[in-house]
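Please open the structure in your viewer and keep the selection tool at hand.

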Amino acid sequence: MSRITRRTVLGAGLATAGTGLLAACSGSAPGHSSHGGGTPPTAGYLTPDSREIVAAEALRRPGPERKVKLTAVETPLDLGGGRTVRSWAYGDRLPGSEVRVTAGDTLALTLANSLPVPTSIHWHGLALRNDMDGVPGLTQRDIRAGASFDYRFAVTHPGTYWFHPHSGVQQDRGLYAPLIVEDPREPLAYDKEWVIVLDDWVDGVDGSTPDSVLAELGAGMGGMDHGASGGMEGHAMPGMQPADGRSPSPAPSGPSRMLMGARSELLGGDAGDVAYPYYLVNGRTAEDPETFTAAPGDRIRLRIINAGGDTAFRVALGGHRLTVTHTDGFPVEQAPAEALLLGMGERFDALVTAGDGVFPLTALAEGKGGAALAVLRTSGGAAPTASVRPKELSGTVVQAARLKAAESVRLAPRRPDRTIELGLTGSMGAYDWAINGQRYDPARRYPVRSGERVRLAFVNRTTMWHPMHLHGHTFALPDGGARKDTAIVLPGRRLDVDFDADNPGLWMVHCHNVYHAESGMMTVLGYRK
């Protein structure tokens, strides 16, 4: 197996994202003039091998090295209840084995690719060096089949994160795992941690794959449009065959997975595109759930991650009230909750004091009717059944938009130096999801400069909700709101978020519905030289 390192990649001139290779694809940000006179649209931007990226990493003062080896493989996975599927995963586990480091450490992770296609790893939520962000065609080359890649970067901020490929729709297979960054000065007191990874599952069920689902959705719905408004697909380049872990024209296979009629008031209407056969907590179906064991009175820290492809989850622990402490890795003013709503890519941390008995942790697939289940057991008694729906699901539902950032992590008051309007466009009928009406093109950048306070104005011109994710930074929700890297933008609404441009490079902004993203709802923020 050959190995790709940062040195060899950059020495080979990775920065395809910053060279004339992409010059044929142009675009301009609203409010900024386009490039003229034949100048490539990528000229004048930093690239992943720019010295500024190295300098920014040095300022993080990388600490002790934590070495991890990981292999992406095709493997059978036991989902419980007698259901085994063949999929792709990290090792033979679902989710992949947790990676745990301490803030200040240097993570040195080698990914060996034993899949039949190229892959990558994106470190969701981390403000890390740009050349380690894991986006093929933008920050690195694909890790081809049979090769390996050494990711090495400083991890500076504690919190609940996760990692997954940024290659086609591979994330909607089994290629995901939690990344927990411990705080060396942890302010919370608790007895146990329960890491809870939620997922919607289709791969390997009755012949379905995420690629075949994307092909079915991409064919559109003809006259049955329930979207609104009005290149290239996925991570590939115009006129080129995709090299990102999917077939160029995957044929639909298995039963139809197109979902109609899923509605949610919390999500503003349409709840999703895909009818999943299973919903999972930590890789298990509701018929054979994971059991977490504790003692009555134990104070438990829940770290909840939505790794789903197309599903928001409403989560409640029967018989208990939660205290929300963090979202997307950053502390908030603590808030009581009976239930939590997480869009794809979002995370919540919460504290709970365990009662005496056996309790369901139910993750309702919002608007879709199904649910995932896990069990908290502190004493004897019968386990809850898959159909259980705790009353807390109908109680106070906390969403990130209702939370306030803890004072220690609030952005200092400042007027934005630059506002970038990102119109979310497209429809279910044509399945032409895009940003400002333009499908993803890695050569099209929205410029920012180091030191600026940047406002991203997400304007949702569709009738579907979108969980929008920014790489390499966290932003602040309005009016002292939570610090986030992923936020729900409701249909027909505008959401303004602010961040400080303090991490140079090329950074993606995209919808974390994997099918919307792969259809084109992605773009790039580029730091100017």
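Which exposed residues does the face of α2 turned away from its buried side carry? They are Arg51, Ala58 and Leu59; exposed means over 50% relative accessible area, buried under 20%, and partly exposed in between, with a 1.4 Å probe and protein chains only.

Before going further, note that this is a predicted model, in which local features need pLDDT of at least 70 and side-chain atom pairs count only at pLDDT 80 or more, while totals for chains, interfaces and linings use all residues. Residues are numbered from 1 along each chain as its sequence is written, and side-chain values use heavy atoms, with hydrogens and water left out.

**The whole protein**

Display the entire protein, which has four helices and 34 strands. Helices (H or I, at least four residues) and strands (E, at least two) are DSSP runs, numbered from the N terminus. Of the 529 residues, 61% are buried. The accessible surface comes to about 18,400 Å², and 49% of that belongs to carbon and sulfur atoms; such areas come from the Shrake-Rupley method with a 1.4 Å probe, and for residues only the protein chains shown count as cover.

**Helix α2**

Select residues 51–59, which form helix α2, and find the buried residues Ile53, Ala56 and Glu57. Seen down the axis of α2, the buried residues fall within an arc of 100 degrees, so they line one face of the helix. The arc is that of the directions from the helix axis to the C-beta atoms. Strand β7 (147–154) is included in what covers these buried residues. After α2, select Arg61, whose phi is positive, near 55 degrees.

**Aromatic rings**

A pair of aromatic rings is described by the distance of the centres and the angle of the planes. Rings of Phe, Tyr and Trp (its six-membered ring) pair if their centres lie within 6.5 Å; planes under 30 degrees apart count as stacked, over 60 as edge-to-face and the rest as tilted. The whole structure holds nine aromatic pairs. Select Tyr279 and Phe313: their ring centres are 6.0 Å apart and their planes stand at 80 degrees, so the pair is edge-to-face. Tyr279 lies in strand β13 (residues 278–281) and Phe313 in strand β16 (residues 313–317), so the pair ties together parts that are 34 residues apart in sequence. Both Tyr279 and Phe313 are buried.

Next, select Tyr431 and Trp433, whose ring centres are 5.7 Å apart with planes at 80 degrees, so this pair is edge-to-face. Tyr431 is buried, at a relative accessible area of 2%, and Trp433 is buried at 0%. Then select Tyr90, Trp123, Phe149, Tyr151, Phe153 and Phe163, which form one aromatic cluster.

**Strand β34**

Select Thr523 in strand β34 (residues 522–527). Thr523 is buried, with a relative accessible area of 4%. Beyond its neighbours within four places in sequence, Thr523 is in contact with several residues, including Leu422, Tyr440 and Trp507; contact means heavy atoms within 4.5 Å.
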